[in-house]
Amino acid sequence: MNTPATPSVWKQPAQVWAVAFACVVAFMGIGLVDPILPAIAESLQASPVETELLFTSYLLVTGLAMLVTSWISSRIGAKATLLIGLALIVVFALLCALSGSVDAVIGFRAGWGLGNALFISTALATIVGAASGGSSAAIILYEAALGLGIAVGPLLGGLLGEQSWRGPFFGVVVLMAIAFVAVLVLLRGPGEKRVPVKFSAPFTALRRPALAVLAITALFYNIGFFVLLAFSPFPLGFGAMGIGFTFFGWGVALAVTSVWVAPILMRRMPRTRIILIVLPLLAVDLVAAGLVVGNAAALVACIVVGGLLLGVMNTVLTEAVMEATDLPRSVASSAYSAVRFLGGAMAPPIAALLWHAFNATVPYLFAAASVLLAALTVFLGRRVLSHIDDEPEDAVTEDAAAILVGDAA
């Protein structure tokens, strides 16, 4: 039997490239602030706890907004949702750049989170609907954009942050404005099919036992993720450029394992088994980071190794979520994202408080304990999760990719 040739992922209409470019920039925003956290703390005379709230406000609003983005986009359409999201990011990133206090930046980062939620919740469906070569080609392109954005964000933040802590915010304004114009001009809006989603759908979705187990797992997992991402710039002791290069390596590692390694593993073993192997390994890596926190080179190595493990977890966990129920993709992803973002929102300030109360080792031990709780949640809930290992990986790739970005954000 002849296997049809797979169309090239790079041969896409202009509107697909417009949204893909906007995705790269949106995902860059995840790590863009990382290299300038110490600089913001120094320039605005803010404590580490206050500075870490830049992540909390952004992630908390993003998570809560995810509960209503499917309801909004199903009524006003994908193009309008994308443009509103991009416009909000431009406005609030500019306000961050012009701010004179850390409280103002924290508040404006919340507005940025709202824009990001509207954009990222709609981008994949838009690419899948417009791409040539089928959904698999579209997802590869989307994951490539995710990986590129996550890797380049800290590097660009470091380069611009060397000049001023305001530089990365101005950079986002320019890039997102270009993305807004590209989507406005190149993306076709009329004619798209709209299927209204009930406002209550994401809330009732969490009554499904399998989805609830995985959402709680992701909440604890994201605590470990964001302690590594958001707290590490402080004990590293590097300048903006050094932090940027460190998390560039972290982002590349995460992208490689999420796009290439995780699918290979899923072809060879059940998803739950992968989760129960990778989470304890991540806990070991976090404990090691805490023990070597005084050695910058060793801490960098732990951060990069953590990126490798996080990449696998991102893909496998989101695949598992979309296997867990028969709910529409947008509904399941909204419910799951709202819960998991709570972990990301609470982790940075708690890590800073533990650092202040004890020492720089304790936040990593806290993160490791949280990751082990995530593993325990999957282990105890394995009976209600047994069906997520029944289907082949290709059957849910499209659905899983819809929420892949949430685990990296």
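## A residue in helix α12

Ile277 is found in helix α12, and in this predicted model its relative accessible area of 40% places Ile277 in the partly exposed class. Although Ile277 and Ala375 are 98 residues apart in sequence, their C-alpha atoms are 8.7 Å apart in space.

## How α12 meets α15

Two packed helices are described by the angle between their axes and by the distance between those axes. For helix α12 (residues 271-291) and helix α15 (residues 361-380), the angle is about 170 degrees and the axes are 8 Å apart. Because angles over 145 degrees count as roughly antiparallel, α12 is described as roughly antiparallel to α15.

On the α12 side, the residues in contact include Ile275, Leu276, Leu279, Pro280 and Leu282, while on the α15 side they include Tyr364, Leu365, Val371, Leu372 and Phe379. Sorted by class, the contact of α12 with α15 has 20 nonpolar residues, two polar residues and no charged residues.

## The chain as a whole

The chain holds 17 helices and zero strands, and of its 409 residues 59% count as buried. Among the contacts between residues at least 6 apart in sequence, 87% join residues that are at least 24 apart.

## The largest nonpolar core

The largest nonpolar core has 123 residues, and of these Phe169 and Trp250 touch the most other members. Helix α9 gives the most to this core, with 16 residues. When residues up to four places away in sequence are not counted, Trp250 touches Ile150, Phe225, Leu228, Leu229, Ile303, Val304, Gly307 and Leu310.

Helix α9 (residues 209-231) is mostly covered, with 19 of its 23 residues buried. The length of α9 can also be checked: at 1.5 Å a residue, its 23 residues should span 33 Å, and this agrees with the 33 Å between its end C-alpha atoms.

The buried residues of α7 are Gly167, Pro168, Phe169, Gly171, Val172, Val173, Met176, Ala179, Ala182 and Val183.

Ala22 lies in helix α1 (residues 14-32), and because its relative accessibility is 0%, Ala22 counts as buried. Leaving out residues up to four places away in sequence, Ala22 touches Leu86, Phe119, Met176, Ala179 and Val183; among these, Met176, Ala179 and Val183 are also listed as buried residues of α7. The C-alpha atoms of Ala22 and Met176 are separated by 6.9 Å, although the two residues are 154 residues apart along the chain.

## An oblique pair, α3 and α4

Helix α3 (residues 48-76) and helix α4 (residues 78-98) pack at an angle of about 125 degrees, with their axes 6 Å apart. That angle makes α3 oblique to α4.

The contact is made by Ile72, Ser73 and Ile76 of α3 together with Ala78, Ala80, Thr81 and Ile84 of α4. By class, the contact of α3 with α4 has five nonpolar residues, two polar residues and no charged residues.

Notes:
Residues numbered from 1 in each chain as written. Predicted model: local features only at pLDDT ≥ 70, side-chain atom pairs only at ≥ 80, totals over all residues. Heavy atoms only, no water. Axes fitted to C-alpha atoms, helices over the stretch in contact; angles between N-to-C directions. Helix = DSSP H or I, 4+ residues; strand = E, 2+ residues; numbered from the N terminus. Parallel < 35°, antiparallel > 145°, perpendicular 65-115°, else oblique. Contact = heavy atoms within 4.5 Å. Nonpolar A, V, L, I, M, F, W, Y, C, P; charged D, E, K, R; others polar. Expected span 1.5 Å × (residues − 1). Buried < 20%, exposed > 50% of the residue type's maximum accessible area, 1.4 Å probe, protein only. Core = buried A, V, L, I, M, F, W, Y, C linked by side-chain atoms within 4.5 Å.
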